[in-house]
Amino acid sequence: MHITDSIEGFFQLMGGDFTNAGSASGELKSTLTKLGVSQDVIRRAAIAAFEAEMNVIIHAVAGTMHYSIGSEELKITLTDMGPGIEDIELAMREGYSTAPDWVREMGWGAGMGLPNIKRNSDNLKIDSVVGEGTTLEIIISIRIIAIRKD
Amino acid sequence: MLKVTDIAGGLGLDIRVSGDMHREAAGCYISDLLSDVMAHGKEGDIWITLQTHPNIVAVAVIKGLSGIIITNGRSPEPDTVRKAESENITILTTNRTTFETAGLLYNMLMAHGS
């Protein structure tokens, strides 16, 4: 079965709102589950979306997450008003983080976020302007097994 | 097959939030780094940690973990409890250290062939 029209979702993210962190990614996960997308795609999408959501909450003032599920791919776009990434290559390196100490004490900021996103995406595009913000475009190829009618 | 309720009973853990206690604990992962759990935890794992803030519930939901065990006599924050209740995630606590908890759980899981 094929998805003819893409299914979309949109969320506002607030910087520092750790309490609600994960609700956007959680909703994306349930949508993909209802659509009958393969377990592997659900697992990868949930990890990539959640890490990206956390990055906005940790580093930015505010941001948005938008997803679009088509018949062949899932696209998750996160745009934030944040500090921007000075050196993307360095930021992609496992263990590198600019998170403050109090965020590290929570167990975040281990420098694993962007590498986790990359590992779980088929394609990752990062556009960032220092002092303005960052846009992440995560592409994951999907294969619809069956659409549940509920 | 070992259920979360068997682990809670067998290890004498305090049940702080009773989610799906009849879920199978497929294995266990231990870490206090949340992105490490995101990267290496597996669906169905029960997770041992020192972290007590609400994001542990989000990690459990996103990863499909079977439950969370907080060690060293620490307590989940009130927001964590509320979130776990609404997401149906089990939170167990113990005065034992992570090492002791892990050792006991390891033997239990191995005895059940997990």
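Modeller: Happy to! Let us start with A:Ile76, which, leaving aside its neighbours within four places in sequence, is in contact with A:Ala48, A:Ala49, A:Ala52, A:Met65, A:Tyr67 and A:Ile138. Two residues are in contact here if their C-beta atoms, placed from the backbone, lie within 7 Å. Before going on, please keep in mind that this is a predicted model, in which local features need pLDDT of at least 70 and side-chain atom pairs count only at pLDDT 80 or more, while totals for chains, interfaces and linings use all residues. Residues are numbered from 1 along each chain as its sequence is written, and chains are lettered from A and ligands numbered from 1 in the order in which they are written.

A:Ile76 belongs to the largest nonpolar core, a set of 68 residues, and is among those with the most contacts inside it, together with A:Ala45, B:Ala60 and B:Ile68. Such a core is a set of buried Ala, Val, Leu, Ile, Met, Phe, Trp, Tyr and Cys residues joined through C-beta atoms within 7 Å; buried means that 20 or more other C-beta atoms lie within 10 Å of a residue's own, whereas 12 or fewer means exposed and anything in between partly exposed. The largest share of this core, 13 residues, comes from α2(A). Helices (H or I, at least four residues) and strands (E, at least two) are DSSP runs, numbered from the N terminus.

Now follow α2(A) to its partner: the axes of α2(A) and α5(A) come within 8 Å and cross at roughly 150 degrees. That makes the two helices roughly antiparallel, a label for angles over 145 degrees, with under 35 counting as roughly parallel, 65 to 115 as roughly perpendicular and the rest as oblique. The axes are lines fitted to C-alpha atoms, for helices over the stretch in contact, and angles run from 0 to 180 degrees between N-to-C directions. On the α2(A) side, the contact includes A:Ala48 and A:Ala52, two residues that also touch A:Ile76. From α5(A) come A:Gly113, A:Asn116, A:Ile117 and A:Asn120.

Finally, look across to the other chain. The contact between the chains takes 18 residues from chain A and 15 residues from chain B. On the side of chain A that touches chain B, α1 (23-35), α2 (39-59) and α5 (113-120) each supply at least two residues, and α2(A) gives the most, with four.
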